[in-house]
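The exercises below concern a structure of two chains and are to be worked through with the sequence and model at hand. Each task is followed by a solution in steps.

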Amino acid sequence: MLKTTLAGLRAHKLRLLLTGLAITLGVGFISGTFVLTDTMDKGVGKTFARSAGKVDVAVLPKSDAPGARVPADILQRVRALPGVTDVQGKVQGDAALIGKKGKAVGNMPTVGMSVPTGRLLRYDVDKGRTPSGGAETVLDTQTAKREGFKVGDAVTILDKASRPHRFTVVGIVDFGIDHEIGYRGAVGFDAATTMLMTGERQYREIDVAGGNREAVAAAVGPRYRTYTGAELGAKLARAAGADTKVIRTGLLIFGLVAMLVSALVIYNTFSILIAQRMREMALLRCVGATRRQVFGGVLAESAVVGLVGSALGVLAGLGLGAGALVLIGDLNPQNKVGGLTLTGRTVAVAMAVGVIVTVLSAVLPARTATRVPPVAALRNDLEPGSRRFRLGRLRTALAAVLGAIGLALGGLGSLVMEKGEIAMDVVAFAGGVFFLGVIAAMPALVRPLGRVAGAIPARLGGVPGRLAVANAQRAPRRTATTTIALTIGIGLMSLFSVVAASGKASAAAQLEEQFPAEFQVEPQAADGEVRLPHALAAALAGRRELARVIEVRRLKTGVDGRKETVAAITAAAMGTVMKPEMAHGSLSDLKPGTVMVDEGTAKDRRLSVGNTVRIATAHGTAPVRLAAIYGKGTPVSGFIVPEADFDRHFTVRDPSVIYLKTADGVPAAVARKVVDDASRPYPTARVTSAAEYKESLSKAIDMILMIFGGLLGLAIVIALFGIANTLTLSVVERTRESALLRALGLTRRQLRRMLSVEALVMAVIGAFTGVVLGVAFGWAATNAMGNHTVFSLPYLQVGGFVVLAGAAGTLAAVMPARRAAKASIVESLATG
Amino acid sequence: MTSTFASPPGGSPAAATGPAVVATDVSKVYGTGDAAVHALRGVSVGFARGAFTAIMGPSGSGKSTLMHCLAGLDTVSGGRIVLGDAEITGLSDRQLTLLRRDRVGFIFQAFNLLPTLTAEQNILLPLELAGRKVDRRWLDQVVQVVGLSDRLAHRPNELSGGQQQRVACARALVARPDVIFADEPTGNLDSHSGAEVLSFLRSSVREMGQTIVMVTHDPVAASYADRVVFLRDGEIVSEIVRPTPDAVLDRLKSLGA
């Protein structure tokens, strides 16, 4: 039996190839994911192993809390140990590098790092040397490149109190794989200078050369943990490896989607093949093959297809992984990687997934094959799949139940439940269940959907158009499976674009509340207690291009004994620029001696209007009456007191944020220049405009959507292969029919067009179903996400999906159509 | 079956003279070198307009090949074929297709109909492919004569074999082609249905002046024709005018079939 199977496969290489391709793509994606992440991991591991090799013992605080440090006396104690040749403490804090334009670089201040000297230096010095003394600095390689600094340049770096200091760049250093440094950039000094600049007095880590671990551990005591160099390297690599794990999981989810689509394509291909090989199966039964042997034969065939497809897939995965690495290398040169890593696990997992999915997909068709009676070998049967179609009781019931559950859960999640992650999970689950219902019902939907999708081609395409539309509907099960494969990709794509568009719309709506003016000036800071000088606000207030300058002052202080934000807003802005929705009371109730608070805090602290809160001020505790509770509509939260009261209670004069409203008739560019000029003397003052912010947000969302689109693209490509596959097999099946049409006067071009239209109709059915599902569940997800989300339907995008799918479907028809058109009429008439 | 066509249709006058199709020294070779098979070796034959001609011969005699070449379904290796006033040898695939669409009708042994179309749609298919207007009166008449009036909305799989062949006949007739080529039209039918189909074909020739060329190996079928041409090993070896089944059978025997 196996011999028969293999001989059959050899005889039909094209069939093997077509079926195998779907699995190759899916497996390629999965193995590519592993190759990519393994290679990244290995690169990371190597880097850390190398740098950790220089350290004999490392001391770190036991606690994982962000503020946990090793104090200086511990370092002294370790230094005194016998055998210890060198000890270096790692100091790290904020030290904002000023760029060539006089502004602090980046969204957050650069990291200030201590750079050890001698043996314990574990960073690569790319150029120059390590810094020493209070006038020398080194720059992180990426930062130097981005900002255009080189060895010998003079640079300005701000200390903790934002005072400028001049340094000479003596080296360019690669600080290695570190997220924070990758994002913020870094400057390096010797340890003492780092302490002066960053205000940090303690160490994140102490590295020891010489000595032994036990002695060090005994010296530092139980509050600190000691590591050997190798352990330290492994720990660092693990932390960095967590990132690759996230990437791997994310990619594998898309890989699974692709495999699901592959499974559908394979199932369909095998179903059609079995239907077409009815006679072959019957002949096998005639000559004595048992049902079990026929079943085994089909499964063996699928296993071979799965093996070959998966093996090719692993190779494709190597290529994909290499491509992705090049891409990542271009985007983020921080991640240095060496050669590709193909582990045994990658091969094993990829092959297993490929073969198992293929064989499982072939089980149902194989079972059908066993039902072929031997006598069918002698009968000249009707074409497969042309019998009158009825959806069957089981399928109808299944479709109804799953559809109802899906709808009910979707409604529950989007309309009834409290917004948030759980509601979204419910909607996602509902989407899955409803989709299963659609799969069950799809064969019955093919005809009505086909009429809709085919309405235009049937009218405009003449006889070939009408025949094509009829052909697309003639085998509903086959068309249903073919189209549903496309529905998955397009559906998820539409879902994401609806959620993305709604996210943008929601963000825009939110932005109007939080960004009440055209411009916002904020200090560049890694934490909240940094302010802008009041002088800047005063300077801006003097400009007639600006209608309003609104200062928001805030600080953290005790309110009824708990740390809360207490803020004051420029009085003139209240009720004009800042217009919070009032939950209880009104803005005019905020008189001297009173306070108002946001709804969330009020609820949290069980406060209501009329209560008295005790605010810790610079002059002791002041009892203040709660006059009002405000809702959304302001960028500030916490306790808001009148400006005069704030002045009386606190010494803070500098604003945390300044909002600027442009005067009427002043162009945005002019206003921007005024604001930029005024803030020039303050390097850390960052000016953003509402428009820019909106744009950057929208860009970020588009970027994510594009990445998702790219990843889902594979599932869509596989589905298109499915269409090509189905069409190729249908063409084989209809050889005589095509010949008859050609004899009756159908030109080659018309025949090609007929098949293109058939593919178009199938693609549009699949895409349309996907778009409907995607939009519906996108709406549900948007609703479930939060209370203030705004639904937005990206018409053009969603419409574009259907059009693109149609176009791609036509493209998928090119090969089968050419084959069909090339066939000789006379030979085709003689077959079968 | 004596039901006949009420009046001769316009277009193909029964009295027209001259052959509808002429083959001159036509040869057809498949393959090359030692593997070359000479399916036709210099066949010259004419088919009169308004006549019913049968092509007979043993298996492998080249009768189907001849028909395919005459109908423009297959190309010739040598010689020329003139269909009506057009030489079809040397035409491009597209020209041949348009010629078939406008001037030729087909009835095959089996798989004559498109399963996705109803009987009526199948009948009208060649006209629609050619973008020609449907003459409803003529359609009604053809449909009535072949006895399909109450079957027009059925799909092929709802029709018997005989009914399917009658639909094929109607399709060939309704376009009023210069020639109808029939390839074993009764090969798959029982004798009663076969006789019906053959009667239509004959009466369409007699009463409408339709030209029909039919390939068959059945002496009874051939006896419906006005003339039988015999092929053997790719050559025309004999012919009978106004054949009877016995005469045909005798001739076949003498040819060694």
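**Exercise 1: Chain B as a whole**

Of the 257 residues in chain B, 48% are buried, a residue being buried if 20 or more other C-beta atoms, placed from the backbone, lie within 10 Å of its own. The model is predicted, so local features need pLDDT of at least 70 and side-chain atom pairs pLDDT 80 or more, while totals for chains, interfaces and linings use all residues. Residues are numbered from 1 along each chain as its sequence is written, with chains lettered from A and ligands numbered from 1 in the order in which they are written.

Task: State how the radius of gyration of chain B stands against the globule rule.

Solution. Step 1: Chain B has 8 helices and 10 strands; helices (H or I, at least four residues) and strands (E, at least two) are DSSP runs, numbered from the N terminus. Step 2: The radius of gyration of chain B, taken over C-alpha atoms, is 18 Å. Step 3: The globule rule, 2.2 Å times the number of residues to the power 0.38, gives 18 Å for 257 residues, so chain B is as compact as a globular protein of that length. Step 4: Along the principal axes, the C-alpha atoms of chain B fill a box of roughly 55 × 40 × 40 Å.

**Exercise 2: The sheet of chain B**

Task: Determine which strands stand at the edges of the six-stranded sheet of chain B.

Solution. Step 1: The strand order in this open sheet of chain B is β6-β7-β8-β3-β9-β10, with mixed pairing; two strands pair if DSSP finds at least two bridges between them. Step 2: β6 (104-107) and β10 (235-241) of chain B each have a single partner strand and stand at the edges, so one side of each lacks a neighbour in the sheet. Step 3: Within the sheet, β3 (residues 52-56) and β9 (residues 227-232) of chain B are parallel and share 4 bridges. Thr53(B) is placed opposite Arg227(B) of β9(B). Step 4: Helix α8 (residues 245-255) of chain B lies across β3, β9 and β10 of chain B, at about 160° to β10(B); axes are lines fitted to C-alpha atoms, for helices over the stretch in contact, and angles run from 0 to 180 degrees between N-to-C directions.

**Exercise 3: A sheet in chain A**

Solution. Step 1: Chain A contains 25 helices and 22 strands, and 47% of its 832 residues are buried. Step 2: Four of the strands of chain A form an open antiparallel sheet in the order β2-β11-β1-β12. Step 3: The mean twist from one strand to the next is 20°. Step 5: β1 (residues 57-61) and β11 (residues 205-210) of chain A run antiparallel, joined by 3 bridges, and Val59(A) stands opposite Ile206(A) in β11(A).

**Exercise 4: The interface**

Task: Identify which helix of chain B gives the most to the side that touches chain A.

Solution. Step 1: 22 residues of chain B are in contact with 21 residues of chain A, contact meaning that C-beta atoms, placed from the backbone, lie within 7 Å. Step 2: α2 (93-103) and α3 (119-130) of chain B each supply at least two residues of this side. Step 3: α2(B) gives the most, with 6 residues.

Notes
Two residues are in contact if their C-beta atoms, placed from the backbone, lie within 7 Å. A residue is buried if 20 or more other C-beta atoms lie within 10 Å of its own, exposed if 12 or fewer, and partly exposed in between; C-beta atoms are placed from the backbone.
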